[in-house]
Number of protein chains: 2
Amino acid sequence: MSVPPIAHPVNSSHRSRLAPLALPERLLLGPGPSNADPVVLDALARPPIGHLDPAYVALMGEVQELLRYAWQTDNRLTLPMSGTGSAAMEATLANTVERGDTVLVAVKGYFGLRLADMASRYGAHVVTISCPWGEAFSLEALEAALDEHRPAILAIVHAETSTGVCQPMEGIGDLCRRHGTLLLLDTVTSLGAVPVHLDAWGVDMAYSCSQKGLSCPPGLGPFTMGPRAEAKLASRGGKVPNWYLDVSLLNQYWGSDRVYHHTAPVNMNFGIREALRLLADEGLEQAWQRHRANAERLWSGLERLGLELHVAEPLRLPSLTTVRIPQGVDGKAFSQHLLNSHGIEVGGGLGELAGRIWRIGLMGYNSRQENVDRLLNLFEQELPAFRSSTPVAAAVA
Amino acid sequence: MSVPPIAHPVNSSHRSRLAPLALPERLLLGPGPSNADPVVLDALARPPIGHLDPAYVALMGEVQELLRYAWQTDNRLTLPMSGTGSAAMEATLANTVERGDTVLVAVKGYFGLRLADMASRYGAHVVTISCPWGEAFSLEALEAALDEHRPAILAIVHAETSTGVCQPMEGIGDLCRRHGTLLLLDTVTSLGAVPVHLDAWGVDMAYSCSQKGLSCPPGLGPFTMGPRAEAKLASRGGKVPNWYLDVSLLNQYWGSDRVYHHTAPVNMNFGIREALRLLADEGLEQAWQRHRANAERLWSGLERLGLELHVAEPLRLPSLTTVRIPQGVDGKAFSQHLLNSHGIEVGGGLGELAGRIWRIGLMGYNSRQENVDRLLNLFEQELPAFRSSTPVAAAVA
């Protein structure tokens with residue numbers, strides 16, 4: 001045997017010659033990703049093992065069990081989707097929505113709009129109710145909408161990353177049960193950072209991400225589904241219209257059978273295993289209290305500087321704080337200055353809050369006092385230079 | 001402000017107390033994942049940066065350009081999907097199939113069946129043609145099927161991971177153009193390992209994975225789409241029925257606008273950037289020849305031991321070799337012995353080849369002479385102990 005000739009000449013026009021990877025150092029205090037715990041980063045760099053290796057199968061069980069702890073749920077179907085949080089978001093809808101189902105989306109920010117867009121792609125009859133970006137829904141508003149629309153699913157965001165609002169959850173699960181409605185909850189910016197009690201709240205489906213409260217890089221989308229949602233999946237006519245996110249197939253791999261579905265992103269799962277282990281070592285109550293204490297330090301420090309927070313205190317999300325950009329300040333110029341001169345990322349506004357707020361995340365590994373103090377110090381020392389010299393004119397404009 | 005009381009007691013029944021991650025050392029000589037290059041693993045462990053950070057945006061462009069080189073294509077829409085190879089596979093169909101479109105799938109193994117399943121979930125009228133698992137399609141067979149079914153899309157696997165067959169590609173693109181058919185190609189087990197010339201072959205859509213020829217862990221799904229496929233996407237009625245994989249949205253992030261779609265798996269992209277850089281440094285011709293030379297060394301070594309290869313030499317895939325399990329040998333017991341006693345993973349058969357073959361991968365970083373020699377030595381020294389002592393009886397059964 002000999003090497004056969006290569007049938008076509010190789011085109012080298014796209015053969016960039018690059019130097020080895022060099023990355024800037026960043027303190028990520030925006031809406032996510034957050035910095036990962038160094039223990040988690042170390043786990044990512046382990047040599048991969050096979051996705052059917054007994055050692056990997058044992059790790060899968062560990063990840064599932066610790067996700068149940070983090071979410072406070074007994075749900076059997078709890079697993080990390082092999083994609084980012086948006087994939088897990090889509091998985092909740094793809095598996096349970098059938099054509100013509102009414103899906104009620106309570107929109108109080110950007111991610112509610114995304115839920116509505118996704119649900120429509122699965123043939124749902126999407127109904128939305130909204131409240132101002134920076135507020136939460138009352139039980140009465142939700143009850144009125146459930147009465148009127150009798151939806152198969154109510155989708156709502158627990159921690160709205162675009163506004164910094166934490167939706168009060170008490171009573172919503174009971175309302176949904178009385179209406180025969182499944183409750184779908186976005187916990188992307190709350191898991192690991194803010195109290196989440198899926199089972200006590202009567203949540204039927206939830207999703208999250210790896211890169212915020214869990215202190216792992218982005219790349220996995222925790223997903224969970226309770227018995228009422230499982231029953232809807234089991235009774236659907238025809239296959240789930242999304243192969244990659246089909247929980248009935250995934251359950252054969254993540255359940256007891258370990259039937260091959262797709263090649264798991266094993267290194268990302270090494271990372272989330274360590275991230276969840278560290279969270280369990282710290283303990284949920286301690287992690288929640290740490291996020292709360294550091295957020296309160298940030299809030300009072302910003303207010304001491306005369307800055308206005310976008311969300312009223314009772315609804316404020318400890319993991320993500322929204323700060324109004326003062327009139328006469330070029331908010332984008334200041335955040336670019338923080339990035340370029342200090343290596344600190346803070347976020348800008350999304351959607352209708354674009355240009356109006358900064359978004360400051362204190363999530364997971366990054367929720368620590370020294371980060372709060374460093375950022376407050378920069379706001380105090382360096383923000384004044386970004387105020388327009390003609391603040392009155394700017395205020396009028 | 002004070003920390004509010006936690007409304008529900010924390011349930012610690014799922015709070016496993018785990019030791020730090022400990023993983024076995026494996027030489028992955030199965031169908032994938034393969035071992036990753038240590039340079040790539042090191043990149044995975046870098047602290048994440050934001051998905052809109054200028055440094056990350058620059059890296060995205062580098063990854064796209066080097067994917068074009070690896071695939072030998074000028075396609076503008078070339079990017080890694082934020083999921084595994086199966087997500088990229090689904091992306092090709094989700095974006096281009098409209099309800100009622102005829103999709104012709106040329107099935108010569110397990111992954112052809114998967115393409116057919118996926119296409120059906122998007123409302124395609126799926127037609128399959130098949131050939132025995134271990135053979136390839138002739139141009140004549142494909143032409144007859146194109147004539148008969150006039151499909152919108154012909155989907156075919158270049159490198160069938162379940163059988164070890166490399167489909168000859170010359171002429172298929174011309175046939176498809178003459179029939180007004182888009183050519184969709186699975187290059188999961190060929191990219192970076194076996195000659196692939198997407199543009200010269202007239203391929204309109206392709207996908208691959210990160211964990212084989214590219215020497216990166218699993219978690220990203222390279223995806224590419226040429227102008228004819230783009231035109232079909234642009235002319236479709238209504239939205240793509242899959243939000244996460246919607247290329248019209250993804251293109252706003254990966255194209256010039258950098259509009260936020262989802263939070264990218266940044267660390268995995270650090271890894272694939274380094275993997276592609278190393279491939280470009282080596283050069284495609286050199287990488288292909290290395291895979292070929294090591295595969296030939298394996299093939300002749302196995303034949304010298306009296307083992308039979310499942311695929312005829314002209315169709316054999318250098319990256320994945322299928323070996324028939326001799327009669328009287330417990331194939332699964334031998335592969336478990338290799339894993340447990342030597343830390344070497346080789347694969348078993350899938351689908352109709354389950355229990356009949358071993359699958360040996362020599363992919364990317366693992367395609368090296370010392371791995372071939374180590375495995376051949378184990379087959380020579382330790383396989384005889386797994387032969388039944390009553391081979392004649394076994395042969396009769």
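**Close-up views of a two-chain predicted model**

**View 1. The side of chain B that touches chain A.** In this predicted model, 86 residues of chain B are in contact with 86 residues of chain A, where two residues are in contact if their C-beta atoms, placed from the backbone, lie within 7 Å. The elements of chain B that give two or more residues to this side are helix 1 (38-44), helix 2 (54-71), helix 3 (85-96), helix 4 (110-121), helix 10 (266-282) and helix 11 (284-304); helices (H or I, at least four residues) and strands (E, at least two) are DSSP runs, numbered from the N terminus. Helix 10 of chain B gives the most, with eight residues. Residues are numbered from 1 along each chain as its sequence is written, and chains are lettered from A and ligands numbered from 1 in the order in which they are written. Because the model is predicted, local features need pLDDT of at least 70 and side-chain atom pairs count only at pLDDT 80 or more, whereas totals for chains, interfaces and linings use all residues.

**View 2. Two cis peptide bonds.** The peptide bond from G32(A) to P33(A) is cis, with omega near 5°, and P33(A) lies in the loop between strand 1 (27-28) and helix 1 (38-44) of chain A. In chain B, a cis peptide bond likewise joins G32(B) and P33(B), with omega about 5°, and P33(B) is placed in the loop between strand 1 (27-28) and helix 1 of chain B.

**View 3. Two residues with positive phi.** R150(A), although not a glycine, has a positive phi of about 45° and is found in the loop between helix 5 (139-149) and strand 5 (153-157) of chain A. R150(A) counts as exposed, with 12 C-beta neighbours inside 10 Å; a residue is buried if 20 or more other C-beta atoms, placed from the backbone, lie within 10 Å of its own, exposed if 12 or fewer, and partly exposed in between. S215(B), also not a glycine, has a positive phi of about 65° and sits in the loop between strand 9 (205-207) and strand 10 (221-225) of chain B, where S215(B) counts as buried, with 31 C-beta neighbours inside 10 Å.

**View 4. Surroundings of A119(B).** Leaving aside neighbours within four places in sequence, A119(B) is in contact with L93(B), V97(B), V103(B), V105(B), A124(B), V126(B) and A155(B).
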